[in-house]
Number of protein chains: 2
Amino acid sequence: MNPSLQGVITDVLREVVPSQEEKDAIRRLQDKLLTRAYAVVKQRYSIEPVFTGSIAKGTWMAGAKDIDLFLMFHERVPRDELERTGLDVAKQIVQDMGGRWEIAYAEHPYLRAQIEGHKVDIVPAYDVKDASKIKSAVDRTPHHVRYIQSALDKNLLNEVRLLKKFCVGAGVYGSDLKTEGFSGYLCELLVVEYGTFEDVLRAVVQWRPGTIIDVEEHHAEASLKKKFPHDPLVVIDPVDPNRNVAAVLSLENFLVFIRRAREFLQEPKFSAFFRLPVMAPSMEELQRHLDERQTRFVFIRFSTPDVLDDVLWPQLRKCTERVRTLLEENEFEVLRTGIWSSDVATVLVIELLVDELPAIQKRRGPSAFDAASSKSFLDHYRGYNVFLEDGFWAVEFKRKNRNAMELLRAFLGEGESELRAKGVPSYVAAALHEDVELATGEHVARLLRRFDSLRAFMYNYFHRNLV
Amino acid sequence: MNPSLQGVITDVLREVVPSQEEKDAIRRLQDKLLTRAYAVVKQRYSIEPVFTGSIAKGTWMAGAKDIDLFLMFHERVPRDELERTGLDVAKQIVQDMGGRWEIAYAEHPYLRAQIEGHKVDIVPAYDVKDASKIKSAVDRTPHHVRYIQSALDKNLLNEVRLLKKFCVGAGVYGSDLKTEGFSGYLCELLVVEYGTFEDVLRAVVQWRPGTIIDVEEHHAEASLKKKFPHDPLVVIDPVDPNRNVAAVLSLENFLVFIRRAREFLQEPKFSAFFRLPVMAPSMEELQRHLDERQTRFVFIRFSTPDVLDDVLWPQLRKCTERVRTLLEENEFEVLRTGIWSSDVATVLVIELLVDELPAIQKRRGPSAFDAASSKSFLDHYRGYNVFLEDGFWAVEFKRKNRNAMELLRAFLGEGESELRAKGVPSYVAAALHEDVELATGEHVARLLRRFDSLRAFMYNYFHRNLV
């Protein structure tokens, strides 16, 4: 290892490896929790409490005080009983330990508690022997824990910590649907596959979209390419061969990760492990970019719906695509789009080549040599001016929407159920119906002045570069 | 035949069938010409004079006083001798008959003479036994004459006259490269194939693009579709099975002809046989259309090159396509184009959706999953802002040409040889270099006011409809 790389890694390890004190504190809390859990469970039920998450696997980063306690039920317990009993047991444990709690919801409800300064999630789940036959996603988690506990060399625990922290620095850590990045489990599997943090990076710089990692060699490579044709990275789950652990990883994050690995190996830097807040540029600086491009920006602003990122972000992306389709169907060419969303406000950024088109529109039809298609085209456009272009039929008619802003205003002004019928997802449809601003020109500038982080977002938009 | 059809046909026949007086006059002139030709030829040469053209075939329309006299040379005569001797003999004939002449040029030179009020073309050609082995296009003509003389029933001569006149009325008569319509020979073959004028029209309304007529059944139909995949009508030349007699017929004229046949059979009208001059609309009326469309018109005006339509029109079309390509390469979407050309001036009409675009341009690249293409794309755009769209690479850069007029001005302002190097054909390149006006807005209106027939042309442009 080159000395500069060694030096940086030593420095980062000081940040990410928990102190003995932290480890002891967590161990003590775990012991208490387990004792309490057994006490509660033994009174009435046959339930097995087990720890999961990065703490159970020994790969948590210093200061990450999240403890996951799973209450494993027998497969034969009915779902409603699992939910009811699970929550009862969880509440009892928290109460006995003097903690506070709230109910949270994933596929089924669980308890989110605060105990002795730690966040503790207590999650009821089924103890399913075969991870490919689970009843809900959380049932898979204990399998992952057991696999990592057995497959990951104890000497490599800190390598996982380095890799996770490196992902954080690259902005690609987290498999939630906002981030679309690398999960902790994925980082652990990469270390199982490649070895040290440096080994992982040296492998990563060789990655190309469509890379396949089958740790336990469940499949033939060719069949995997067919099985996951659109995933940039396929990492077969050792406990469930039909699952790609990297399924939510976006192509963009995949490429960002490779670039960061290449840059880091070329010039190791401590700062690569930290996500620096982007300074919001001044309005004057942004205005210069806007003036330089001479495109037409439309900002669609609305109140951010109060839902989990995992729900919100897919909806925001889908809505943006819906708006893009609407514009393109009406021949307004969309140069680029973007999504900015803070706790309070969301802005869909639409950048158009032009926002006004002539009064007439031409549509190209089928080849005049294609008798069947010609007939239906001509039947459809009976009464219009139909002519030929290069052997293809063409028709001219009055354009329905000459102005992009008017088109968007009409679309977004629909009722909530109309918006949903037109493909706008539920929470976004509700938010748009409640309060939407369609901004262009000076109104775009006003929004940019108002939200610092929107300016930061637009700065990144203008400087977006993956290579 | 329905009585109204019969009535119209009777009326038209009065127009197109030459009077006995006209027939006698032509016959007398033919006799004199032939006597004179034999006299000249016998003095020195072994050359066979034969009449060709519609007069020789008995299908000429009343008043069409063009006589074609071919001087048939033996195949073994060298080409330069044929040209020299042919012209000498032709001149001698014309001089002996007190006519005037000028030399004209097709594949080889011939004499265009004026004798006793008739236009007489005297054309040297080779007497080639097999029409598929001719030395130049004119050698085929006597074969056509002999074929029609033997295959066309004498009772159907007037049916050919009706059909030709009907083509005139539809604006599709003539196989020159301006008209791209039906030749006289093609009309004759259709009568040979189908029978009377009415029979022809009843067959025509069943035509679809790709129709094949193989009068002498030289080929299997499937092989012909492969041989002429882009010709709307394939009529195999009885004297040369590799040739499509309808090769120059445009798809548009093919469809116009079918529509006119359908309309005529539904409602027979005398006026269908006459091409009415289009009245030039007023500038106010045209301005209304321009205002309604709200598109951007660019008129490229230059002096019409002094060459045959057969040379000029393919060049004008090619130049228009070149300009269209130039605009589309620069992302200016061309709605439609048109070509107007009078004796003095030519205007290429370009109709654009927009004539101004933003300062930046985006280009879509290959799929990020395609390693080889990705590499060359990224190498090519090193240093640019490269990002992803839907799994495809995209790059943004400064647009080279933001303004369509400036783009065209720069292109058309090139030297003649540069224009030719860029794909503008020779005569048009020379004309553009000498004098070109690039008009838009008020300057378009000025050109429209200046040329009545340009206004008529634009009126048709706005009302273009094939069905």
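This is a predicted model: local features need pLDDT of at least 70, side-chain atom pairs count only at pLDDT 80 or more; totals for chains, interfaces and linings use all residues.
Leu432(A) itself sits in helix H16 of chain A, which runs over residues 426-434.

Is Leu432(A) buried or exposed? Its relative accessible area is 1%. Buried means under 20%, so Leu432(A) counts as buried. Ser367(A) lies 65 residues from Leu432(A) along the chain. The C-alpha atoms of Leu432(A) and Ser367(A) are 42 Å apart.

## The largest nonpolar core

The largest nonpolar core holds 68 residues. Leu432(A) is among those with the most contacts inside this core. The others named are Ile300(A) and Leu327(A), along with Ile300(B), Leu327(B) and Leu432(B).

## Chain A overall

Chain A has 18 helices and 15 strands. Its C-alpha atoms fill a box of roughly 80 × 60 × 50 Å along the principal axes. Of the 467 residues in chain A, 52% are buried.

How much of the contact in chain A, at a separation of 6 or more, comes from residues 24 or more positions apart? Such pairs account for 65% of those contacts.

## Helix H8 of chain A

Helix H8 of chain A covers residues 197-204 and is mostly covered. Six of its eight residues are buried. They are Phe197(A), Glu198(A), Val200(A), Leu201(A), Ala203(A) and Val204(A). The cover over these buried residues includes four helices of chain A: H1 (3-16), H6 (157-170), H7 (184-194) and H10 (251-266).

Take H6(A) in detail. The axes of H6(A) and H8(A) come within 8 Å and cross at roughly 50 degrees. That angle makes H6(A) oblique to H8(A). From H6(A), the contact uses Glu159(A), Leu162(A), Leu163(A) and Phe166(A). From H8(A), Phe197(A), Val200(A) and Leu201(A) meet them. By class, this contact has six nonpolar residues, one charged and no polar. An α-helix has 3.6 residues a turn, so residues three or four places apart point the same way.

## A helix pair in chain B

Helix H11 (residues 283-293) and helix H18 (residues 452-462) of chain B have axes that come within 11 Å. The two axes cross at roughly 40 degrees. H11(B) and H18(B) are therefore oblique to each other. Their crossing is left-handed.

Which residues make the contact? H11(B) supplies Met283(B), Glu285(B), Leu286(B), His289(B), Leu290(B) and Arg293(B). H18(B) supplies Arg455(B), Met458(B), Tyr459(B), Tyr461(B) and Phe462(B). Seven residues of this contact are nonpolar, one is polar and three are charged.

## A buried loop residue in chain B

Where is Thr304(B) found? Thr304(B) lies in the loop between strand S9 (296-303) and helix H12 (309-329) of chain B. Its relative accessible area is 15%. The cut-off for buried is under 20%, so Thr304(B) is buried.

Terms used. Residues are numbered from 1 along each chain as its sequence is written. Chains are lettered from A and ligands numbered from 1 in the order in which they are written. Side-chain values use heavy atoms; hydrogens and water are left out. Axes are lines fitted to C-alpha atoms, for helices over the stretch in contact, and angles run from 0 to 180 degrees between N-to-C directions. Helices (H or I, at least four residues) and strands (E, at least two) are DSSP runs, numbered from the N terminus. Angles under 35 degrees count as roughly parallel, over 145 as roughly antiparallel, 65 to 115 as roughly perpendicular and the rest as oblique. A crossing is left-handed if the near helix is turned anticlockwise from the far one by less than a right angle, and right-handed if clockwise. Contact means heavy atoms within 4.5 Å. Ala, Val, Leu, Ile, Met, Phe, Trp, Tyr, Cys and Pro count as nonpolar, Asp, Glu, Lys and Arg as charged, and the others, Gly among them, as polar. A nonpolar core is a set of buried Ala, Val, Leu, Ile, Met, Phe, Trp, Tyr and Cys residues joined through side-chain atoms within 4.5 Å. Buried means under 20% relative accessible area, exposed over 50%, partly exposed in between (1.4 Å probe, protein chains only).
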